[in-house]
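Take a look at the model below.

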Amino acid sequence: MRIMVLGGDGYLGWPTALHLSQAGHEVAVADNFIRRHYDDELGVESLVPIEPLRNRIATWQELTGKKIGMYVGDLTDAMFTYHIVEDFRPEAVVHYAEQRAAPYSMIDRKHAVYTQQNNVVGTLNLLYAIAEINPDIHLVKLGTMGVYGTPNIDIEEGWLELEHNGRLDRVLYPKRPGSFYHLSKVHDSYNMEFACRIWDLRATDLNQGVVYGQATDETELDERLATRFDYDAVFGTVLNRFAIQAVIGHPLTVYGSGNQVRGIIDIRDTVRCIQLACENPANRGEFRVFNQMTEAMSVQEIAGTVASAYSADVTIEHLENPRVEAPDHYYNVKYTKLMDLGLEPHMLSDTLIGSLFEITKRYAHRVRIEALRPTVDWRKPSTG
Ligand code: NAD
Ligand code: USQ
C-alpha cells in the first residue's frame, strides 16, 4: 500500500514509518519539525540524540535499500496539505502530526490556543483534502484514551449503546478529557465522525494510552535510526520518566496519591497497531474507534514496577498533583478490537524496563535535572 505518515519525524511517527516500510509498504513522511522547536522553547532535548529527518531517511535507504519520501510543511497550511495528498496519492494516511503534551497545552492561554488551532485545523484541512482529492483514502488518526477521562461506568470502544426513556440509540461515548490538549482530540473525533457521515469517508480513530519504550526492531538496526526519548516534565511520559529517574538517582515523581489508573502500551505494539489498522481499513462511511492500549496500571503500580526492576535503591516521592484528575476512581476499559485483528501485545516486563535503564545509562549525562520537576499548574490560568 501507499501510506503517508504525518508527524513522521516524531517519537512514534518515525518508528511507524520504518515499520511500514519494512513490511513492504511504500511510505512517505511529512512534518514541520515543530517538535524540535518546542525543545528549543523549553530548553530541553531528547535524552537519546536524534538525527535530522533527512539523515534518518538516508540511513534507512543505505541499510535496507528502501526509500521513504519526505515532505516538509505544516498541516494548518491547507495548500501544503492538499499538495501532499495530491502528490503522493496515498491509500492510507496515518495522522500523528499534532501537539501532543497535556502540560504544554496548559502552560497558558497562548499554548492552549496554539494546541487547539494546530490540532483541530490541521485535521480539518486533512479531512477536506481527502474528501476533495480521493474520498477512498483511509484516515488512521491518533487519538487518546484521555478523551474518556475516568467515568464511573465501563469504557467502550468509541461508541455506546444507550437506552433513554424507553428508546435505543448508538452514540459516541461521552467524553470528559483532562487538558486542553486532550480536548483537541475530542474536537478532532467529532469532526471526523461528521466527515464520514456527510462525505462517506473512511476513518479509524485510535484512542491510544500512554506509550512507553524507546526501541523497535527497525530503530535498533542502527543508532542513527533512533527515535526521541523525552524525560522532561512537559513532554516526558510517565513510565519513560520513571525509568530515567531511577537510573539517575532522582526520586520517582508520583503526582498525588498515584492511584490514578491509565492505559499503557509498548512502542513496539503502537507500530504494529498502525500496520493492522492500515491493512484492515474501515468501510466507506465508517467512523471506527479502537482503544489502543494493552494494560491498565495505576501510577503508583508503574512506579513500584520500575523501582523493583532496578538493581539499586529507588525512592518514590509523592508530589502535590499539578493536574486536576480524580485521585481514586473506577476504570474498566474494553480494548479487544486490535487483538481481534491480530495484535499480540507485549506486556510490561523487567526486560523492557531493563533496556530503558541501559539506554538511560548511556545518555545520563544529557539529563537536565531541573527539567524533571513539574512546573505547569492546571489550577493557575494565565494569558502568557
Ligand atoms: P511527537 O510530538 O513526538 O510527534 C508529533 C510530530 O508531529 C512532531 O514531529 C511534530 O513536529 C509534528 N507536527 C506537529 N504539528 C504539526 C503540523 N501542524 N504540521 C506538520 N507536522 C506537525 O508526538 P508523539 O509522541 O509521536 O505522538 C504522536 C501522536 O500520537 C500525537 O497525535 C499524540 O497525540 C498521539 N499519542 C501519543 C502518545 C504518547 O504517549 N506519545 C499516546 C497516545 C497518543
Ligand atoms: N504522572 C505522574 N508523574 C509524572 C508524570 C505523570 O504521576 O512524573 C501521572 C499524571 O498525573 C497522569 C499520568 O501519570 O495521571 C499520565 O501522565 P503522562 O504525562 O504520562 O501522560 P498524559 O499527560 O496523559 O499524555 C501522554 C501523551 C499524550 C497521550 C496520552 C495518552 O503525552 O500524547 O495522548 O499520554 S492518555 O493518557 O491515555 O490520554
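Contact means heavy atoms within 4.5 Å. Helices (H or I, at least four residues) and strands (E, at least two) are DSSP runs, numbered from the N terminus. This is a predicted model, in which local features need pLDDT of at least 70, side-chain atom pairs count only at pLDDT 80 or more, and totals for chains, interfaces and linings use all residues. Residues are numbered from 1 along each chain as its sequence is written, chains are lettered from A and ligands numbered from 1 in the order in which they are written, and side-chain values use heavy atoms, with hydrogens and water left out.

Start with α8. Nine of its eleven residues are buried (under 20% relative accessible area, with a 1.4 Å probe and protein chains only). Among them are Leu239, Phe242 and Ile244. What covers these buried residues? The cover includes β9 (210-212), β10, α10 (299-309) and α12 (350-363). After α8 comes glycine 249, with a positive phi near 75°.

Now move to β10. In a regular strand the side chains alternate between the two faces of the sheet. In β10, Leu252 and Val254 point one way, while Thr253 and Tyr255 point the other way. All four are buried. β10 runs parallel to strand β14 (residues 316-319), and four bridges join them (strands pair if DSSP finds at least two bridges between them). Leucine 252 has isoleucine 316 as its bridge partner in β14.

Next, ligand 2. Which residues come closest? Look at its polar contacts (pairs of N or O atoms within 3.5 Å). An oxygen atom of ligand 2 lies 2.5 Å from a side-chain N or O atom of threonine 144. An oxygen atom of the ligand is also 2.8 Å from a polar backbone atom of tyrosine 255. The protein covers 95% of the 730 Å² of accessible area that ligand 2 has on its own (Shrake-Rupley method, 1.4 Å probe).

Finally, ligand 1. Of the 28 residues around it, Asp31, Arg100, Asn118, Tyr181 and Lys185 come nearest. A nitrogen atom of ligand 1 is 2.7 Å from a side-chain N or O atom of asparagine 118. For tyrosine 181, a side-chain N or O atom is 2.6 Å from an oxygen atom of ligand 1. The protein covers 98% of the 820 Å² of accessible area that ligand 1 has on its own.

Technical notes
A polar contact is a pair of N or O atoms within 3.5 Å; within protein, one must be able to donate a hydrogen and the other to accept it, and residues adjacent in sequence count only if both atoms are side-chain atoms. Buried means under 20% relative accessible area, exposed over 50%, partly exposed in between (1.4 Å probe, protein chains only). A residue is near a molecule or strand if one of its heavy atoms lies within 4 Å of it.
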